[in-house]
Amino acid sequence: MSEARAIDIIENATSAMVADAVQAALHKQGRRAIAVPGGSTPFPIFAELAKRPIQWDDVLLILGDDRLVPADHQASNHGRLANTLEATEAVVTPLQELDNPPPRFDLMWIGMGADGHIASLFPSSDPRPDGDPAIVTLTPDPLPPEAPFDRISLNLAAINNSDAIILVGKGKEKRAIFDAAMANENDLPIARLLRIPGPPVTVYWSES
Ligand SMILES: O=C1O[C@H](COP(=O)(O)O)[C@@H](O)[C@H](O)[C@H]1O
């Protein structure tokens with residue numbers, strides 16, 4: 001039987017704590033690859049990272065998913081992240097320009113929606129660990145009202161092809177979904193990731 005994945009939950013997490021973990025992962029020599037999430041939760045952390053002395057050169061920085069809208073659209077994760085990191089040397093590589101298959105990531109940072117989606121792998125996309133290709137385009141069904149757009153996303157295997165995964169989440173509603181996924185009580189995309197063998201997952205949770 002394959003070994004269970006290690007999952008560590010850090011409660012009452014702050015932006016600084018997550019930024020510490022990201023900074024530590026980037027504090028290495030040579031080429032480093034990191035994927036980050038979009039949505040609303042990570043932006044205070046990106047703002048914190050923008051203030052830190054990080055060597056951004058030789059870092060492949062991508063969003064693990066995005067909305068298929070122009071970079072100057074208010075819903076573009078890419079545009080918003082590039083603006084937040086504008087004062088740094090960081091270059092955000094659009095997922096559309098990433099090699100397919102993508103490299104193994106030093107750090108895979110993901111978020112989670114209230115429907116259990118990770119990156120843009122919504123429940124309707126029926127993500128599978130052996131899915132192909134590694135970068136997929138899809139239309140969420142139903143379209144999430146806060147961002148009703150077609151998406152591009154890493155698939156489950158590409159997310160899992162990482163040295164470490166961190167999940168940053170907040171709020172009671174999402175926590176109930178996450179806890180049920182941990183207990184194998186749902187089959188949502190987050191549960192599908194957690195149940196396959198892979199790198200350790202560190203969960204940073206805050207109530208608000
Ligand atoms: O649409 C998306 O939603 C999830 C969750 O976002 P949040 O606003 O609830 O933090 C995010 O992880 C994903 O990357 C994003 O494109």
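**Sheet and helix packing in a predicted model**

In strand β9, Leu 167 is the bridge partner of Ile 110. The model is predicted. This briefing covers the sheet around that pair, then the helices.

**The sheet**

- Strand β6 covers residues 107-110 and strand β9 covers residues 165-170; the two run parallel and are joined by three bridges.
- Both strands belong to an open sheet of seven strands, ordered β1-β10-β9-β6-β2-β3-β5.
- Pairing in this sheet is parallel.
- The edge strands are β1 (7-10) and β5 (92-93), each of which pairs on one side only.

**A helix across the sheet**

- Helix α5, made of residues 172-182, lies across β1, β9 and β10 (201-206).
- Relative to β9, helix α5 runs at about 140 degrees.

**The pair α1 and α2**

- Helix α1 spans residues 15-26 and helix α2 spans residues 43-50; their axes come within 9 Å.
- These axes cross at roughly 60 degrees.
- The crossing in which α1 passes α2 is right-handed.
- On the α1 side, Ser 15, Ala 16, Val 18, Ala 19 and Val 22 make the contact.
- On the α2 side, the contact is made by Pro 44, Ile 45, Glu 48 and Leu 49.
- Of the residues in the contact of α1 with α2, seven are nonpolar, one is polar and one is charged.

Technical notes: Residues are numbered from 1 along each chain as its sequence is written. This is a predicted model: local features need pLDDT of at least 70, side-chain atom pairs count only at pLDDT 80 or more; totals for chains, interfaces and linings use all residues. Two strands pair if DSSP finds at least two bridges between them. Helices (H or I, at least four residues) and strands (E, at least two) are DSSP runs, numbered from the N terminus. Two residues are in contact if their C-beta atoms, placed from the backbone, lie within 7 Å. Axes are lines fitted to C-alpha atoms, for helices over the stretch in contact, and angles run from 0 to 180 degrees between N-to-C directions. A crossing is left-handed if the near helix is turned anticlockwise from the far one by less than a right angle, and right-handed if clockwise. Ala, Val, Leu, Ile, Met, Phe, Trp, Tyr, Cys and Pro count as nonpolar, Asp, Glu, Lys and Arg as charged, and the others, Gly among them, as polar.
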